[in-house]
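Thanks for coming. I have one structure to go through today, so please have a look at it before I start.

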Amino acid sequence: MSELIPLIVAKYNYWLYIILMMIGLYAMIAKNNLVKKLVGMNIFQTSIILFYVSIGCKKGGTIPIIHHGIHAGRHVVDPAHYVNPLPHVLMLTAIVVSVSTLGVALALAVKIYNRYKTLEEDEILARLRAK
Amino acid sequence: MKTAGIIIVLLAGALLLYATRDFPPWGALDSPASTHVSPRYLQKAMEETAVPNVVTAVLADYRGFDTMFETTVIFCAGIGCFILLRVFRQRPGDRYYRHIATEITLHIKGGRIPKKSSEFERIDALWTPYDLIIKTVCRILVPFIQLFALYVIAHGHHSPGGGFQGGVILGASVILLAISHNMRTAIDRFSEKTNNLLMAIGVFIYTGIGTVCILLGAGFLDYRSLSAVLFVDKIMARSHGIFGVEIGVGITVMAVMISIYNNLASAGKQDEGL
Amino acid sequence: MNDHTPALLIILPLLFAFMVSGMAWIKKSLCYPLAVAGSGLCAFFSIRVFTHVLRHGTMQYSLGGWEAPWGIGYHVDLLNGVVLVAVSVLAFINMIATRKAAAIQFPEKEGAFYALYLLFIVGLVGIVATGDLFNLYVLLEVASLTSYALIALGEGRAPLSSLNYLYMGTIGGCFYLLGVGYLYIMTGSLNMADVASLLRPLYESGAIWVAFTFCMVGIGVKMAFFPLHVWLPNAYTYAPSAVSSLIAPLMTKVMVYVMIRLMISVFCVDFAFSVLDLGSAMVWLSILAIVMGAALALAQKNLKRLFCYIIVSEIGYMVGGAWLGNAAGMTGAILHILNDALMTICLFLAAGTIHYRINNLDLDHLQGLFGRMPVTMACLVAAGLSIIGVPPTCGFFSKWYLITGALQAGQYGFMAALLFSSLVNVILFFRVFEIGYYGDPGHGHMHGSSPETRTEAPAAMLAPLLILSAGLVVMGVFTGSIVAAVIDPIIPAGLAR
């Protein structure tokens, strides 16, 4: 136990993201309403964004915009002063992907609602079985 | 389903937690992620691309190929929503018209669609009459929002921003018009055809710039070769290439946001929105 | 750097996709020719890349002029090359074969449909060609997003099935992304070759093990490996026929390719087989997949749905073969990617052609079909024989390699599962043939025509189908030289021969 607590404290960011991920995944698997599943999907994807961004973190680092003045491009940059830009770039892509997926999923949900007049999965399935 | 869900979720969570044991400490300066590939971006981005915002430099240049597909994903979503929802042939349902002079509302059920006239204006089913303040404030706001969006796109080299963010803000300005007035007003000003063409043109600009680089004798998306046509040195050519690409991204993102909103909010009919 | 073919292969269909979608608003009649041009160019360049790789060895291409770990690099060896050819050529043939069906189903949105079609090809071709883990994720999402939209165009339950596919697919994609994140935090790189070299000292780390598990589960969802297959039958059954004959053969096969790529080029065989020792567990899972897929297929009453369960069982063949841990098994798995893509496209195209004529694919509606559509049914027979594994069709040879591999590895259960599923396939297809041949045509639900009239599909649909069925035999006859020239060089040295 005495070893576990420093482990949690030192890496609490990962614990937080994993808890968020579990909430999202649970909603996606267990929820009955199709839009609630979508909300779960978004939580899941956001937790991954949190994870990647915390990979890029450096103690004492600032945003990766190089100060440029008179010596533009000629002074030496110490990478320790700036956070890692790569995970941020990757997550811009992941955000876009999650927005696009959400768009298509909402379009599908609208289509399903127009057809069955409900978004509860069990009601839709019951209606399909009754046919 | 619930117990199965809990088991799967706990299993996944436990696995992920177990793995964090081997991670380098959070924020460590000597972790592989901060020492292997990324220092090069921080140290050389300014020298190699003349873009102080390293995120922009990596996004649009070092990993520009990813970003091209990122824009393609957005484009897919726009086309996907369009193809799923858009209905072209529709039965004329209930329509409401308002006589502007007398403020009498007419309710037309079915039948043919009346021609446009200056005496009558078409109104939504859920129409609230007293929205003068909202309309005026939004109309005043829209140009400023658009100006800000252009600033965000253009200033992506030097500060947080760029094509995606700017494009979304541009899209929001038109969507604001659709919400504050009605969807038809927004579509009158920004027709569906223009919007769909812009959607394709934006990504086409991105891919096109990459292809021009091939035609000029370098690799795909290797902006250095653009120096031959832009009359700048190779490093500034990279910077300008990134800017061109960001404009393409901005156009597509704007058009897709508007298209998704219009199709989703009207369930594909594109007449009445929220 | 002067040879741009690896890049052009992806860029040209992408450019044409944008042109098609723009052209839909300007001149609709140009959409289809543009789409065919885009897809054709993709096929042409992938064949060129493949022949180049065959003659001169691996091709490298750095995008944006940045060398590999910093930029995104393409790394095309024989494995990518041959899958590239399979994907692009089959997609091209399918586009021609389904022209009429698509024109009827989407009269107003033809432009958008073909734009999505091309983007789907771009996604798959990009997944196969790329040498970067994150780029693979982005392209995976391009391919998935387009397939969600395309599948939902079908009738009836299609949107619901597609939404379920979307949930499962997103979980799969996110798991893969998490796996890549774990690799990134441990190695600091995203390039496949670079990660592979950095991983070597880290094999004992638990994080790598978890990264591997999450990547595999993610890919497993996307390829519909048995317990994760639940989205597949509905999605592919309710999809429009032009779409299911595109997505069903290609998407799952490309995912199997990704699994093999991760196994041999990222984590390397030592890790997969020696450090983890997952081989026999995965083989047992694939035995389950084969048996369950075959058993569920027996219960189906709809032709397309039956084929869907056959896919589930075939995925078991490939995964099991790859995890047997010897050269014969891996050869069988890679060969089966190609053969199965060809067989499945034949099956689904035949089903699409039948659907085009009689609008119903329930087995009781197929009565007397041999009399009405002899050519289509002949192609279905050829594909069926190949799925069963009758020589000289190609299905026999890949199954032969898989069984040899199973014997060498001492996995008799896998061999038994292969034989069992072949037996079930015999029952399945002969039931279909029986209904089609002996069934009373008058009894079926005819649409006005007299029972004996031939209502064969138009030649434009039949010609591609005939070419593909001939391909089944040609692939079978040339198996020996294909294996010697293409597959032998890519089997990693670490595998027992």
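First, the ground rules. This is a predicted model, in which local features need pLDDT of at least 70 and side-chain atom pairs count only at pLDDT 80 or more, while totals for chains, interfaces and linings use all residues. Residues are numbered from 1 along each chain as its sequence is written, and chains are lettered from A and ligands numbered from 1 in the order in which they are written.

Chain B, then. It has 11 helices and three strands; helices here are DSSP runs of H or I with at least four residues, strands are runs of E with at least two, and both are numbered from the N terminus. Along the sequence, the order in chain B is α-α-α-α-α-β-β-β-α-α-α-α-α-α. Chain B is more spread out than a compact globule, because its radius of gyration is 25 Å, well over the 19 Å that the globule rule gives for 274 residues. That radius is taken over C-alpha atoms, and the rule is 2.2 Å times the number of residues to the power 0.38. The box filled by the C-alpha atoms of chain B, along the principal axes, is roughly 75 × 65 × 35 Å.

Of the 274 residues in chain B, 47% are buried. Buried means 20 or more other C-beta atoms within 10 Å of the residue's own, with C-beta atoms placed from the backbone.

One helix of chain B to look at is α5, residues 64–85. It has 22 residues and reaches 32 Å from first C-alpha to last, close to the 32 Å expected; the expected span is 1.5 Å times one less than the number of residues. How many of the residues of α5(B) are buried? The count is 22 of 22.

Now the strands. In chain B, three of them form an open antiparallel sheet in the order β2-β1-β3, where strands pair if DSSP finds at least two bridges between them. β2 (104–109) and β3 (120–123) of chain B stand at the edges with a single partner strand each, so one side of each has no neighbour in the sheet. Strand β1 of chain B, residues 94–99, is joined to β3(B) by four bridges. Within that pairing, B:Y96 has B:I123 as its bridge partner.

Chain A next. It has five helices and zero strands. Its radius of gyration is 22 Å, whereas a compact globule of 131 residues would be near 14 Å. The C-alpha trace of chain A spans about 75 × 50 × 15 Å along its principal axes. In chain A, 46% of the 131 residues count as buried.

Where does chain C come in? 22 residues of chain C are in contact with 24 residues of chain A, contact meaning C-beta atoms, placed from the backbone, within 7 Å. Which helix of chain C gives the largest share of that side? It is α7(C), with 14 residues. By class, the side of chain C that touches chain A has 17 nonpolar, three polar and two charged residues. Nonpolar covers Ala, Val, Leu, Ile, Met, Phe, Trp, Tyr, Cys and Pro, charged covers Asp, Glu, Lys and Arg, and the others, Gly among them, are polar.

Last, helix α9 of chain C, residues 206–223. Its 18 residues should span 26 Å, and the end C-alpha atoms are 25 Å apart, which agrees. Since 15 of those 18 residues are buried, α9(C) is largely enclosed by the rest of the structure. Just after α9(C), C:A224 takes a positive phi of about 65°.

Conventions
Buried ≥ 20, exposed ≤ 12 C-beta atoms within 10 Å, placed from the backbone. Contact = placed C-beta atoms within 7 Å.
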